[in-house]
Amino acid sequence: MRIALIKGDGIGVDVAEAAMAVTEAALARVGLKAPVYDEIQAGAGYFKENGTDIEPDGEDRAEAADAIFLGAIGLPAIRHQDGTEISPHLRLRDRFGLYAGVRPVKAYPNAPQRLADRRAANIDLIILRESTEGLFYSAAAHDRSLVVNDDEVQDILRITRKTTTKLHQFAFNLARKRRERGRPGTLTCVDKANVFTSLAFFRHLFDEVRQDFPDVPTGYNYVDAQALDLVRKPWDFDVLVTENMFGDILSDLAGGLVGGMGMAACAEIGDTTGLFQPAHGSAPDIMGQDKANPLAAILSAALMLDYLAEKLDRPELADAAELINSAVDSGFEDNALRPMEFGGDMGTRAVTSQLLSRVSAAIPARAFIRV
């Protein structure tokens, strides 16, 4: 199993190392070797030293790996001349067609809950963000703006049948899997179809794909109403599928409901590869100070193992992912995970150590059926 590892900038280094340590412990517990890492230098720091945002052969090496794991990219003081951030990860999304951006949002016991309603303890949903088109199609990293001058700038909101159909198929399959595991499995199409032709097309394609999934309950919401509903009644939703920019904003909002961005795991999946990263930024002000919450990165590593279990037809990798998820669940339930991000007394190393202990002591799901 070959992982392209991009630690990146700021706390990306800290949390990536924590995530790989927990990944290796989980793999060892199910009888598997550690991954082979191909560490690729990329990010704002690399840009400052070398004038380019990734190693010359970095993209090719990332493509050759079974999966890509990214810590965090960006430093506030290092930008392009036009003021935009250093963003090689946006180019990786585009090059590899990583259209399915999976953002889990889950409440844990003893973690901060921003809503007073007792039902907030049951928040468990997924925001599925299309990650290659939408308004990000003309992001600065791609240089696709229609007009750029001192008087006017025009960007493109792009929705294509090919990509959006694949996104909706992924969304329906995800909702169906959630339903099989006891979740509601309701799929909500989030758009602004009443205003934009492009997003009316997004909904039209959703309805086309819906015909092939009659067992999946569906709903619709305009994005402004969805933002309101994520504050009013997030427990009513299970899977949300939406355009790129909308998904970017809604997933941060939803992350705030369950503790903060330190819990925001992310998978970006395409037809041939996947990139996994915490959705938070690089927080260079706390880099190397043992203050970063590594849980978003660790949960992203679990998403990576689940993805590789299917891609490589290795079900024991899904067992390893479950060990990580269960360790996080039990750690919060026992009040043994208290990240500084939440006002707790545990830094990066302490949180990682607690999870390593729990994973190493756990009994894998298939422990009694292996020969």
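Which residues in H9 meet which residues in H10?

1. The model under discussion is predicted. On the H9 side, the residues that meet H10 are Leu295, Ile298, Leu299, Ala302, Leu305, Asp306, Leu308 and Ala309. Their counterparts in H10 are Pro315, Leu317, Ala318, Ala320, Ala321, Ile324, Asn325, Val328 and Phe332. Sorted by class, the contact of H9 with H10 comprises 15 nonpolar, 1 polar and 1 charged residues.

2. The geometry of this pair is as follows. Helix H9 spans residues 295–311, and its axis lies 7 Å from that of H10. The packing angle is about 155°; H9 and H10 are therefore roughly antiparallel to each other, given that angles over 145 degrees fall in that class. The crossing of H9 past H10 is left-handed.

3. Helix H10 (residues 315–333) also packs against helix H11 (residues 348–361), at an angle of about 120° and with the axes 9 Å apart. H10 and H11 are therefore oblique to each other, and their crossing is right-handed. From H10, the contact draws on Leu323, Ile324, Ala327, Val328, Ser330 and Gly331. H11 contributes Leu355, Arg358 and Val359. These residues divide into 6 nonpolar, 2 polar and 1 charged.

4. Two H10 residues deserve a remark in both contexts. Ile324 and Val328 are listed in the contact with H9, and Ile324 and Val328 are also listed in the contact with H11.

5. On the cysteines: how many disulfides does the count give? The count comes to 0 disulfides. Cys189 is in no disulfide, and the nearest cysteine sulfur, that of Cys266, is 20 Å away. Cys266 is likewise in no disulfide, its nearest cysteine sulfur being that of Cys189. A pair would have to lie within 2.5 Å to qualify. Cys189 counts as buried because its relative accessibility is 0%. Cys266 has a relative accessible area of 1% and is buried.

6. Asp252 lies in helix H8, which covers residues 244–257. Is Asp252 buried or partly exposed? With 36% relative accessibility, Asp252 counts as partly exposed. Setting aside neighbours within four places in sequence, Asp252 is in contact with Arg103 and Met261. Between the C-alpha atoms of Asp252 and Val105 the separation is 9.6 Å, although these residues are 147 residues apart along the chain.

7. Glu208 belongs to helix H6, residues 197–210. Its relative accessibility is 34%, so Glu208 counts as partly exposed.

8. Asn110 is placed in the loop between strand E4 (100–106) and strand E5 (124–130). Phi of Asn110 is near 70°, a positive value in a residue other than glycine. Asp290 lies in the loop between strand E12 (274–276) and H9. Phi of Asp290 is near 60°, again a positive value in a residue other than glycine.

Methods:
Residues numbered from 1 in each chain as written. Predicted model: local features only at pLDDT ≥ 70, side-chain atom pairs only at ≥ 80, totals over all residues. Heavy atoms only, no water. Axes fitted to C-alpha atoms, helices over the stretch in contact; angles between N-to-C directions. Helix = DSSP H or I, 4+ residues; strand = E, 2+ residues; numbered from the N terminus. Parallel < 35°, antiparallel > 145°, perpendicular 65-115°, else oblique. Left-handed = near helix turned anticlockwise from the far one by under 90°. Contact = heavy atoms within 4.5 Å. Nonpolar A, V, L, I, M, F, W, Y, C, P; charged D, E, K, R; others polar. Buried < 20%, exposed > 50% of the residue type's maximum accessible area, 1.4 Å probe, protein only.
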